[in-house]
Amino acid sequence: MKRRLRHATFQYGYMWRFASVAPDSVTIVAFSGGRVMGWCLVFAHDPAPIANIFVNRRYRGRGVAHRLMREVLDRYAKILVVLHDKASGGFYGRMRRRYPNRITTIDWWKELPYWRRLIKKLKRAARARQS
């Protein structure tokens, strides 16, 4: 399933790289009639897991992202979310107000060198597990 989701969304972006090197990640998927409406990929991270939500364009504005966020917060006491653009900033801002002290936001573009280092670290760990 993760392989299908990886190619369905961010084929050339960083999220598919995370999904391919983080086998302990959790994927929560929202379906409608057998179709994937959206998903949330949660990566183990310190100080809190990183949650990334994606909703298919045709299902946006229907509460799918909010339901995925509730599911993630049912599983984890606190999470980190990454701001990619204005839409994600608006959504995560509303979620931070709705769930105070449970969501921390990080700006993707300001922290890009950090994410690159983290991906390299995860790749090394994945190779070590395969050896």
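In which loop does Asn-101 lie? In this predicted model, Asn-101 belongs to the loop that runs between helix 4 (86-98) and strand 5 (103-107).

- Five strands form an open sheet in the order 1-2-3-4-5, and their pairing is mixed.
- Strand 2 and strand 3 run antiparallel and are joined by six bridges.
- Within this part of the sheet, Cys-40 stands opposite Ile-53, a residue of strand 3.

**The nonpolar cores**

- In soluble globular proteins, nonpolar side chains tend to be buried together.
- The largest nonpolar core in this model comprises 23 residues.
- The residues with the most contacts inside that core are Cys-40, Ile-53, Leu-68, Met-69, Ile-79 and Ile-103.
- Two or more residues of this core come from each of the following elements: strand 1 (26-32), strand 2 (35-43), strand 3 (50-55), helix 3, strand 4 (79-83) and helix 4.
- Helix 3 makes the greatest contribution to this core, giving six residues.
- Cys-40 touches Val-26, Thr-27, Ile-28, Ala-51, Asn-52, Ile-53, Leu-68 and Val-72, when residues up to four places away in sequence are not counted.
- Another core, of 14 residues, lies apart from the largest one; among its members are Trp-39, Leu-41, Phe-54 and Trp-115.

**His-66 in helix 3**

- His-66 is placed in helix 3, which spans residues 64-75.
- Is His-66 buried or exposed? His-66 has a relative accessible area of 17%, and it counts as buried because this value falls under the cut-off of 20%.
- Not counting residues up to four places away in sequence, His-66 touches Phe-91, Met-95, Arg-98 and Tyr-99.

- The phi of Asn-101 is near 65°, which is a positive value in a residue other than glycine.
- Most residues other than glycine have a negative phi.

Terms used: Residues are numbered from 1 along each chain as its sequence is written. This is a predicted model: local features need pLDDT of at least 70, side-chain atom pairs count only at pLDDT 80 or more; totals for chains, interfaces and linings use all residues. Side-chain values use heavy atoms; hydrogens and water are left out. Helices (H or I, at least four residues) and strands (E, at least two) are DSSP runs, numbered from the N terminus. Buried means under 20% relative accessible area, exposed over 50%, partly exposed in between (1.4 Å probe, protein chains only). Contact means heavy atoms within 4.5 Å. A nonpolar core is a set of buried Ala, Val, Leu, Ile, Met, Phe, Trp, Tyr and Cys residues joined through side-chain atoms within 4.5 Å. Two strands pair if DSSP finds at least two bridges between them.
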